[in-house]
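Biologist: I've got the sequence and the fold up on my screen, and I'd like to know what stands behind the labels. Can you walk me through them?

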Amino acid sequence: MIIEDDLTIAKELGKVFEKWQFEVVIVEEFEYIIEAFREEQPQLILLDVNLPYYNGYYWCREIRKESDIPIIFISSVSDRMDMIMAMQMGADDYIPKPIDMQFMVSKVQALLRRTYDFSMQAGNMEFAGVLLDIPKSKVIYQGGQADLTFTELQIMTTLFQHKGEYVSREAILDDCWQNNQFIDDNTLAVNMTRIRKKLKSIGLDNFIETKKNYGYRLKGEGDSV
């Protein structure tokens, strides 16, 4: 699904992806983006920042309330704070304009492959009574559930794999963003803040513990600080 108010750009993107055998939906009624999303059920969204009525950050936040679908922002604004804002709203990547079409296609292919192959091949993981449901991209605890974006799911999978041992920031970044655009501590910190907020909503206020200047771990009952 392409959500871009410059229809010349949107149609150009659409033609490129159709050549690569993608089915493309271009949104043209920008008041009804959520309705279009629900009707079409896309597998990935390309989302412009500057849109009529509400900006892309707003729509990303609204979509994230009901889906962990991969979302890539496309924008002529390439300021670092705009990129961080996109990640805070739940985006998986951010590509500035002018768009390198081959680069864009490669990004989309890689993100789709990682998202859906990873989810289908992986199963569930458990630590200290907390279940990570990888196919459904959820954390489940005492009947409560928290939905995760794909990037958040990758972070949690890495932590669950280490079963309460500290994992360095560098190791998490290597696992999560290999060949991706955002490979820095700011991105990891934004995602960690987002994850902690979701975990707190289901009663897991201190499930992730930070070791200053090193990394993170999952904290089980009885673990020392």
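Biologist: Why is Ser137 called buried?

Modeller: This is a predicted model, so everything here is computed from it. Ser137 has a relative accessible area of 3%. The cut-off for buried is under 20%, so Ser137 counts as buried.

Biologist: And where does Ser137 sit?

Modeller: In the loop between β6 and β7. Leaving aside neighbours within four places in sequence, Ser137 is in contact with Asp68, Ala146, Asp147, Leu148, Thr149 and Leu153.

Biologist: What makes the pair of Ser137 and Leu148 a polar contact?

Modeller: A polar atom of the Ser137 side chain lies 2.7 Å from the backbone oxygen of Leu148. The limit for a polar contact is 3.5 Å, and 2.7 Å is within it.

Biologist: Next, the nonpolar core. Which residues have the most contacts inside the largest one?

Modeller: Met156 and Leu159, in a core of 28 residues. At least two residues each come from β5, β6, β7, α6, α7, α8 and β11. The most come from α6, which gives five.

Biologist: What does Met156 touch, leaving aside its neighbours within four places in sequence?

Modeller: Its contacts are Leu132, Val139, Leu148, Ile195, Leu199, Phe207, Ile208 and Leu218. There's also a second, separate core of 24 residues, with Ile34, Tyr57, Cys60 and Ala91 among them.

Biologist: How do you know that β10 and β11 pair?

Modeller: Count the bridges. Pairing takes at least two, and residues 208-211 of β10 share four with residues 215-218 of β11, in the antiparallel sense. As one example, Thr210 has Tyr216 in β11 as its bridge partner.

Biologist: Last one: which residues lie nearest the centre of the largest pocket?

Modeller: Gln88, Glu152, Arg194, Lys197 and Lys198, out of 19 lining residues. The pocket's volume is about 520 Å³.

Biologist: What makes a residue part of that lining?

Modeller: It needs an atom within 4 Å of a pocket point. By that test, α3, α4, β8 and α8 each supply at least two residues, and α8 gives the most, with five.

Definitions and conventions
Residues numbered from 1 in each chain as written. Predicted model: local features only at pLDDT ≥ 70, side-chain atom pairs only at ≥ 80, totals over all residues. Heavy atoms only, no water. Core = buried A, V, L, I, M, F, W, Y, C linked by side-chain atoms within 4.5 Å. Buried < 20%, exposed > 50% of the residue type's maximum accessible area, 1.4 Å probe, protein only. Contact = heavy atoms within 4.5 Å. Polar contact = N/O pair within 3.5 Å; in protein donor to acceptor, adjacent residues only side chain to side chain. 1 Å grid on protein atoms, 1.4 Å probe; cavity = no way out; pocket = protein on both sides within 12 Å on 5 of 7 lines; lining within 4 Å. Points joined across faces, edges and corners; volume = space filled by probe spheres on them.
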